[in-house]
Amino acid sequence: MTILIAIAALGGLTLVLATMLIVANRKLYVYEDPRIDVVEELLPSANCGACGLPGCRPFAEALVNGAVQPAQCTVSTEADRQAIADYLGVEMGDANKLVARLACAGGSHVARNRAQYTGVPSCRAAALVSGGGKGCSWGCLGFGDCEVVCDFDAITMDPHGLPVVDEEKCTACGDCVEVCPKDLFSLHPVSHQLWVACKNEEEGDGILEECEVACTACGKCAMDAGELITMENNLPVVHYDQYPQQQAPIQRCPTGAIVWLDKKLGAIKGAESKKIVRKGERPMGTS
Amino acid sequence: MRNLIKDIFTGRNGSFRHGIHPPENKDETNGRPIRQFDFAPLIILPLAQHIGAPSELVVREGQEVMRGQLLAKANGYVSVPLHAPVSGKIRKIANVPTIKGTMSPGIFLETFPYSTQEVLEGTPVDVNTASAEEILQGIQAAGIVGLGGAAFPTHVKLKVPEGKPCEYLMLNGIECEPYLTTDHRVMLEQEEDIFMGIRYLLKVTGAKKVIIGIEANKQDAADHLEATAPDDLPVTVKVVPVKYPQGSEKMLITALTGREVPSGGLPIDVGCVVVNIATTAEIGRLLPHGRGIQERVVTITGSGIRHKGNYLIPIGTPLRYVLEQVGAVDNISEVYMGGPMMGMAAANLDISIVKGTSGIVVFAENTVDRPGKVYPCIKCAACVEACPLMLNPSKLGILAKYEDYDTMAERYHLMDCFECGACSYVCPSHIPLVQYFRLSKSIVRKRQKAQPTA
């Protein structure tokens with residue numbers, strides 16, 4: 001008898017609670033587009049924020065609502081973007097791949113250090129101590145904060161202490177842009193091949209004392225490049241909206257500060273630029 | 001007696017709590033009178049020598065200027081003008097190197113070699129007739145900033161907000177930084193300027209009492225000021241035990257009055273205004289003549305210097321020229337602008353003396369111990385015992401290592417840290433704590449700038 005009462009009581013309770021759950025499910029139901037889950041599956045789950053949204057789920061929601069285009073996710077592959085576009089029946093958008101570019105070529109073999117820095121091995125920390133030991137005030141300090149911050153292993157430090165960006169892996173998330181204390185990184189479409197790899201704003205040959213590949217603001221590259229290159233603040237500025245880009249300007253650069261970035265060959269320097277043959281470190285300065 | 005019992009309970013012992021006592025090393029220069037320095041053939045003047053907006057140029061290239069002439073005017077309220085430290089010709093207006101390691105706009109001024117170097121006089125500000133507002137304007141027009149090292153415009157600091165009465169005017173003659181003897185010599189040699197400056201400051205702040213705080217290692221300066229103080233000035237000289245960082249504003253207030261400035265607050269919140277003693281002397285010297293600041297006292301010392309001493313150096317004198325004149329040894333390894341505790345290491349000898357340079361400490365090779373290998377934190381709490389602000393540097397250091405900057409700022413009061421370096425000094429594991437905090441503070445500030453609402 002006791003067992004029957006127990007069964008009946010528990011059974012009754014189950015029924016009541018089940019009814020409440022059913023009612024709650026009907027009354028409080030929130031419709032969620034099932035496509036969001038599908039789209040999220042197709043996204044890379046990197047949650048890097050490069051699209052400008054907090055993560056991949058919000059980006060998927062925005063995609064389904066039509067607020068963004070699949071191409072705005074710089075991390076996903078071409079095929080994935082196309083798959084999302086096909087699934088949602090929308091345009092893929094302008095898939096102009098962006099990559100991070102470093103505006104410095106002064107590795108330890110060409111740029112000298114003025115002072116020796118011993119402290120927390122981080123660019124940001126070194127930059128706060130008298131700007132770091134580098135002779136050039138604008139140059140890369142080479143402690144690799146960008147290498148550490150990159151979630152996609154796209155940045156590696158070369159033997160001369162300069163970060164090298166793997167354009168295949170780079171997703172233009174912008175973390176390196178933010179972390180660099182000298183503001184040397186910027187995001188550019190891969191199609192921008194003419195590149196000024198220097199940020200020195202001083203005019204004249206004095207800077208060559210500190211770095212052999214610095215821009216001396218001689219203006220030779222801009223001389224007959226027409227609208228393509230103008231000199232601003234003692235640095236050449238490439239106007240990428242002026243087509244066609246051409247390799248001619250790099251040929252006149254005496255130091256090799258302006259380069260042509262080739263997908264296979266890397267940075268190509270002009271014939272006029274002095275050849276850098278030093279393999280080891282450039283000797284430290286006397287002051 | 002009551003004070004003694006209070007001191008025992010609060011652990012203050014006539015000073016502030018915690019702090020350290022590094023070797024003073026002041027003996028070599030504190031007996032040397034201030035000497036006028038030679039005029040360098042080329043003066044390099046950055047336009048941003050103070051905290052706030054850089055000064056705005058009023059001269060052009062090629063112009064001939066007289067010593068004391070206005071070169072750049074104040075650009076806004078938190079800014080001060082810049083005056084010519086020498087008579088000469090402006091050779092170039094271009095970027096100049098600064099202690100921060102960046103290039104910033106500045107002036108290259110070529111000194112006339114045969115000039116008498118007479119100083120131009122301006123409109124005098126009379127202490128008896130000028131109103132408080134006029135004196136404040138006069139202080140700004142003279143280009144005066146905190147000469148202790150921070151270079152914060154003095155007139156901004158002196159502006160007492162309404163509803164907050166200023167009870168004490170405190171003159172900071174502590175000079176707790178090792179090696180430096182600038183303020184010591186100023187107190188011994190420029191007492192008239194100091195008392196003149198006090199008259200101006202009393203009028204501006206409306207304070208009723210003046211306390212001059214001096215550390216016990218400068219007893220002669222304290223005696224001298226006490227003996228020469230005019231009878232009509234409400235001045236008391238208070239000698240406090242030697243301790244670092246007592247020269248910090250907040251520590252000084254605690255040491256002299258027992259009051260504590262709240263976190264994020266200003267000295268005026270506890271009824272105090274603190275002014276550096278050299279700044280006071282400068283106000284007293286310049287305002288009666290309407291002049292601008294064009295030189296300052298700098299202690300040059302350290303194992304790498306042959307002719308150590310206290311020099312009156314024109315602002316903008318290149319560091320390289322200074323080192324040549326005082327006979328720096330060939331194998332110098334470290335140069336600090338300011339003292340060894342809170343000063344900045346100079347990575348470049350082409351920078352120049354600015355208004356905030358209180359000393360130049362140069363060490364020769366192999367005369368300083370390099371910090372050894374960095375070991376993990378052993379949680380000995382030596383840094384907690386040392387921190388004058390009662391922070392927990394150990395915890396902060398661990399958080400900094402894991403880059404948890406938001407927690408540091410929100411839960412462990414990172415932004416209260418004023419980078420005195422006491423924690424790094426005592427750390428047996430050689431953890432560069434203060435460098436971590438400086439980095440963390442800069443990152444937190446950058447983040448706050450990016451999202452002002454958060």
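A salt bridge is taken here as a side-chain nitrogen of Lys or Arg within 4 Å of a carboxyl oxygen of Asp or Glu. The structure is a predicted model, in which local features need pLDDT of at least 70 and side-chain atom pairs count only at pLDDT 80 or more, while totals for chains, interfaces and linings use all residues. Residues are numbered from 1 along each chain as its sequence is written, chains are lettered from A and ligands numbered from 1 in the order in which they are written, and side-chain values use heavy atoms, with hydrogens and water left out.

Confidence comes next. With pLDDT being the predictor's confidence in each residue, from 0 to 100, chain A averages 86, and 98% of its residues score at least 70. Helices (H or I, at least four residues) and strands (E, at least two) are DSSP runs, numbered from the N terminus.

What, then, joins chain A and chain B? Contact, meaning heavy atoms within 4.5 Å, involves 22 residues from chain A and 23 residues from chain B. Buried area is the accessible area (1.4 Å probe) that two parts lose on being put together, summed over both; for chain A and chain B it is about 1,700 Å², with carbon and sulfur atoms giving 53%. Helix α5(A) supplies five residues, the largest share of the side of chain A that touches chain B. A polar contact is a pair of N or O atoms within 3.5 Å; within protein, one must be able to donate a hydrogen and the other to accept it, and residues adjacent in sequence count only if both atoms are side-chain atoms. Eight residue pairs are in polar contact across this interface (both at pLDDT 80 or more).

Within chain B, the domain assignment (bounds from an automatic or database source) gives domain 1 (6-32 + 128-289) and domain 2 (382-453). Their centres, taken over C-alpha atoms, are separated by 28 Å, and the contact takes 13 residues from domain 1 of chain B and 13 residues from domain 2 of chain B. Together the two domains of chain B bury about 1,000 Å², 65% of it on carbon and sulfur atoms. On the side of domain 1, B:H18, B:I20 and B:M251 lose the most area to domain 2, together 46% of what that side buries. Here, too, the rule finds zero salt bridges, while six residue pairs are in polar contact (both at pLDDT 80 or more).

Over all chains, the search finds 26 salt bridges. One of them pairs A:R112 with A:E210, the closest N and O atoms being 3.0 Å apart. A:R112 lies in the loop between β1 (98-102) and α5 (123-128) of chain A and A:E210 in the loop between β5 (194-196) and α8 (220-223), so this pair ties together parts 98 residues apart in sequence. For accessibility, buried means under 20% relative accessible area, exposed over 50%, and partly exposed in between (1.4 Å probe, protein chains only). A:R112 is buried at 11%, and A:E210 is buried at 10%.

In chain B, the side chains of B:R259 and B:E167 meet at 3.2 Å, N to O, in a salt bridge. B:R259 is partly exposed at 25%, as is B:E167 at 37%.
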